[in-house]
Amino acid sequence: MSDGAAGFPGVRSLFGRGGFPGTVKLSRKARGAEGEAQQPDDAELQRGVAALALGERPSSGSGRRQMEAVSSSSPLPQQQQASSLGASGSSSRSGSSQDEAAGQQQHVQPEREGVQVAMLRSMSNTRIAKFNRLLGEQVVELDALRELSWSGIPPTLRPTCWRLLLGYLPPNRERREQILARKRREYRDMVPDYYDLAASGAEQSGEELGALRQVAVDVPRTAPGVPFFHQPQVQKSLERILYIWGIRRVPLCWLILVHPASGYVQGINDLVTPFMAVFMSEHLQGPMDGWSVDGCSEELLLDVEADCYWCLCKLLDGIQDHYTYAQPGIQRTVFHTQELVRRVEEPVASHLEKEGLQFIQFAFRWVNCLLLREVPFPLAVRLWDTYLAEGSQLKEFLAYTLAAFLLSWSAQLRQLEFQELIMFLQKPPTSAWGEKDIELVLSRAYMWRASFQGAASHFS
Amino acid sequence: MAGRSRSDDDYDLLMKVVLIGDSGVGKTNCLSRFCRNEFQTNSKPTIGVEFATKQLSMDNGDLVKCQIWDTAGQERYRAITNAYYRGAVGALLVYDVTRHKTFESIERWLRELREHASADMVVMLVGNKTDLQEQREVSVQDGQDIAKREGLLFLETSALDGSNVEEAFTRVATEIHGIVRKRRLESQQGEEEPAPMPRGISIPITAAQEQQPAQQSRCCS
């Protein structure tokens, strides 16, 4: 069910309203008294329920930074576990609510939904309220938003939170609309200047031609399992974003514009997809499988495209040296990952070494695409909540994340020989993963960083 | 050797082969067609390198294990993928018969092979996507000519319909196997007992003075 290859069913939960068979009615009792946050909670709750009704796995909150929000999350029966975008940011404190949940069954669907509703209730009650409180401030406290977002952002609030976390939108609420409008206009002006000119075949340099060709080869091969990305308008958007990103000129200093250090590099096409999915979720309803942009105006699509472009710029600004000549940033992160694995689980490190396996042979792509290719798409979006919350610390945090990801299978890895190792690691078995699994990776990464912090020598 | 049941780990020769060529020419699909008989219309661009293996039986009964490294096509990845030429004894240099630009890059790829790979590596030029006949931009003759000039093996393939894919890999493997056998026999002249085929390591074909036999161009059948 949560297999990413099968069209990323978990993405249904992005805004699962249309995907849920029948309406969810919650009893007064089940809803509880939540005071100020009640209203927004209900909508969120229903969407989340719809998501879970599609058989997706509630989060256990194991990767949570704020442990205060987690009480004993009792493990659920296996069949109830599947990944979910919809349950993002939820901390399932279902343990104590299962009995109560059983009482709700008559109101919702038989059996399993009852339990899930209870979990979502707890998610909506605290976390969404916290998010809403933060986002409701005149000037959003970014540090607090980072802290909260680190453990996952509720799907409906994700677009706004991502924009804020990336610094695309200012924390000051009053200025947001104006800046958003300006940035979107700015992008719209770039389209004819860069893309249209190149696409028309006029005045192209060899470099521009090469960039356009490379982008054109890669766009149709972007997220092949997700039909949404293969609609003609979406393909066009992706092509423009990537091409313009690749050849744009950026200010070096006053009046001097230069090309950025790296042009378009394969894999950057993957990095746009979470932005596209999340920003589009503000306009399209129902499961992502059924998304069509046919009903969207050109204006709206261009706005989404502009947001994706600027957010991609912001993200890549922090990891530019991943894509410059010889990709030193990636090599460094791979090296750090290797050092961390040696530090944390020496036997695994020496086994890999004994088998002649080099980290660069499998971890290169992990860094290049920020693990997007290694986990089902809905989980990648969850992963990005944490990445974006890390902000300028992302580069450093990535090595910890990769080490934790690798060591998810430490016992198995030690049994494998070179060839089995490389086959295993180039397609790690994450198709059945849920948020709980990715959050476990993130929380281990967090712990390791905390324990190594200050001990800078561990990388030497 | 006939009748001997052989496991995955039981082989007579291990050889490392690299797949190179511009991005989007179908390297990954050639590999998945050869190793798993699979084809994906839109397979994700390869990042870094990907690895696959396949065992082949040779005419003399030897079992050869091909370790194939599929590389990313984009220029930017060259600095990284160069490292993967090390120890490779064969290469399939792929272009797309429907995009002339990818054919023009052959010279550049050959330069790179000369710089980073063993001089007597067995190289096969592969013109892929013959199923798209109506979009063809590179003729068979053009492919044959450059292969002849550069001393490369040559085949045209279609990863989509599967034609010639297995032949291309098998041809390279057979060539390498032949060279290794010949060399082994030569080195054993005067020795009483023939040494067994080396196992478990890739065999670099280092003696540069020995030119590969039968490096003729050949057209697709």
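pLDDT is the predictor's confidence in each residue, from 0 to 100. Helices (H or I, at least four residues) and strands (E, at least two) are DSSP runs, numbered from the N terminus.

This is a predicted model: local features need pLDDT of at least 70, side-chain atom pairs count only at pLDDT 80 or more, and totals for chains, interfaces and linings use all residues. Residues are numbered from 1 along each chain as its sequence is written, while chains are lettered from A and ligands numbered from 1 in the order in which they are written.

**Exercise 1.** Find where confidence is lowest and highest in chain A.

Solution.
1. Start with the average: chain A has a pLDDT of 78, and 68% of the residues score at least 70.
2. The lowest mean, 36, belongs to helix α1 (residues 28-31) of chain A. Helix α6 (residues 158-165) of chain A has the highest, at 98.
3. Residues 1-119 of chain A have pLDDT below 50. Beyond near neighbours in sequence, this stretch has 282 contacts in the model (C-beta atoms, placed from the backbone, within 7 Å).

**Exercise 2.** Describe the fold of chain B.

Solution.
1. Count the elements: chain B has 6 helices and 6 strands.
2. Read their order along the sequence: β-α-β-β-α-β-α-α-β-α-β-α.
3. Take the contacts in chain B with a separation of 6 or more: 76% join residues 24 or more positions apart.

**Exercise 3.** Work out which elements of chain B supply the side that touches chain A.

Solution.
1. In chain B, 18 residues are in contact with 22 residues of chain A.
2. β2 (49-57) and α2 (78-81) of chain B each supply at least two residues of that side.
3. The largest share, 4 residues, comes from β2(B).

Conventions:
Contact = placed C-beta atoms within 7 Å.
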